[in-house]
Amino acid sequence: MLAPFLFMATVRRSPCKVNLLLNVLGKRPDGFHELETILHPIPVFDELSFTKGGAGINLTCSEQSLPVDHRNLVYRAAALFLEAAGIPEGVHIHLQKNIPLAAGLGGGSGNAAVTLSAMNELFGTALPPQRLEELGSQLGSDVPFFLQNTPALGTGRGERVQPLGWFPALADAWVLLIHPGFGISTPWAYQNLARFPDALNGDPGRSTRLLARLGAAELNQVGPELYNSLEAPVLEKYPILRLYQDFLLEQGADAALMSGSGSTTFALVSSQTVAERILEHFGSRFGDQIWTASAKLGPTA
Ligand code: C5P
């Protein structure tokens, strides 16, 4: 019989994010959009487990609608890592999905980042951090953000990440996440910005103004500086998301915004009590079938 430690899996939680700011600064020649974005980690998690063995990549997933081949970002991250590190061994990976898909929460990007860093550990730290960042940015614009653990400013297409400290204004804050039950394709959202020239060509500098508010200790001063250019096409097509925001603000949320390219709406609130009260009222108003989550903002690692 083989010793049990040979079967021990490396288990990692994979957090999600919201964009407190997503300011599009124009379309680039390579087809991507130039951004200034402020990303905040959220302690709502998928879970991944990794075990060395077998040949190639053997991925299983709790979510039946997700493919487990090269179309899956976890599979692609594992393949890219093994190739870059020149490792001939195989790996078994299981992905327990809790974060909704195509939700603007970066679930898949987080899974890819966790895969890169967990496999680097599992196979004996084969690649330096900078190389992991390069691999991450090849996998997706949001992946480098998830290779670190703090709020961050993203520039370029979002992949150039400057870590920031924790924001005083959010020190006691809770976040609510509300997913309407449908997903939104990120390429669709960016393509449809073309019909909204003001949103497509935002003025730079919103991040400086928002960071000033986040640096002061007043949660109720933050809301007016939150902004997401992609709301222009998405809220036009899905007006229910505007109704969610209006309701959350009426119910006492300090701020409400769409995250990423949607479809998740998030709200910032002052306490757990307020979070629970609003979610209860939200359920009565919009039905219990909608996916919701709440969490205290703070470290995810
Ligand atoms: O980088 P990622 O794979 O997440 O991007 C998905 C799609 O979103 C891209 O193919 C592109 O259509 C769009 N996108 C963009 N500008 C960005 C980020 C994403 O146009 N900064």
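Modeller: Helices α8 and α9 lie oblique to each other, because angles under 35 degrees count as roughly parallel, over 145 as roughly antiparallel, 65 to 115 as roughly perpendicular, and the rest as oblique. The angle between α8 (residues 240-250) and α9 (residues 272-286) is about 140°, and their axes are 11 Å apart. The axes are lines fitted to C-alpha atoms, for helices over the stretch in contact, with angles running from 0 to 180 degrees between N-to-C directions. The helices (H or I, at least four residues) and strands (E, at least two) are DSSP runs, numbered from the N terminus.

This is a predicted model, in which local features need pLDDT of at least 70 and side-chain atom pairs count only at pLDDT 80 or more, whereas totals for chains, interfaces and linings use all residues. Residues are numbered from 1 along each chain as its sequence is written, and side-chain values use heavy atoms, with hydrogens and water left out.

The crossing of α8 and α9 is right-handed; a crossing is given that name if the near helix is turned clockwise from the far one by less than a right angle, and is left-handed if anticlockwise. On the α8 side, the contact (heavy atoms within 4.5 Å) is made by Ile240, Leu243, Tyr244, Phe247 and Leu248, and on the α9 side by Ile278, His281, Phe282, Arg285 and Phe286. Eight of these residues are nonpolar, one is polar and one is charged. In this scheme Ala, Val, Leu, Ile, Met, Phe, Trp, Tyr, Cys and Pro count as nonpolar, Asp, Glu, Lys and Arg as charged, and the others, Gly among them, as polar.

Helix α1 (residues 73-85) can be described through two partners. With α2 (residues 107-122), α1 makes an angle of about 30°, the axes being 8 Å apart, so the two helices are roughly parallel. Their crossing is right-handed. From α1, Leu73, Val74, Ala77, Ala78, Phe81 and Leu82 meet Gly108, Ser109, Asn111, Ala112, Thr115, Leu116, Met119 and Asn120 of α2. That contact comprises nine nonpolar, five polar and no charged residues.

The axis of α1 also comes within 10 Å of that of α3 (residues 129-139), crossing at roughly 140°, which makes α1 oblique to α3. This crossing, too, is right-handed. Here Leu73, Arg76, Ala77, Leu80, Phe81 and Ala84 of α1 meet Arg131, Leu132, Leu135, Gln138 and Leu139 of α3. Eight of the residues are nonpolar, one is polar and two are charged.

As for the wider chain, its domain assignment, automatic or taken from a database, gives domain 1 (4-163) and domain 2 (168-296). The domain centres, taken over C-alpha atoms, are separated by 24 Å. Domain 1 contributes 28 residues to the contact and domain 2 contributes 40. Together they bury about 2,400 Å², 66% of it on carbon and sulfur atoms; this is the accessible area (1.4 Å probe) that two parts lose on being put together, summed over both. Within domain 1, Leu20, Leu22 and Val24 lose the most area to domain 2, together 23% of what that side buries.

Two backbone details remain. Gly262 and Ser263 are joined by a cis peptide bond with omega of about 15°, and Ser263 sits in the loop between β9 (255-258) and β10 (265-269). Ala102, in the loop between β4 (91-96) and α2, has a positive phi near 50°.
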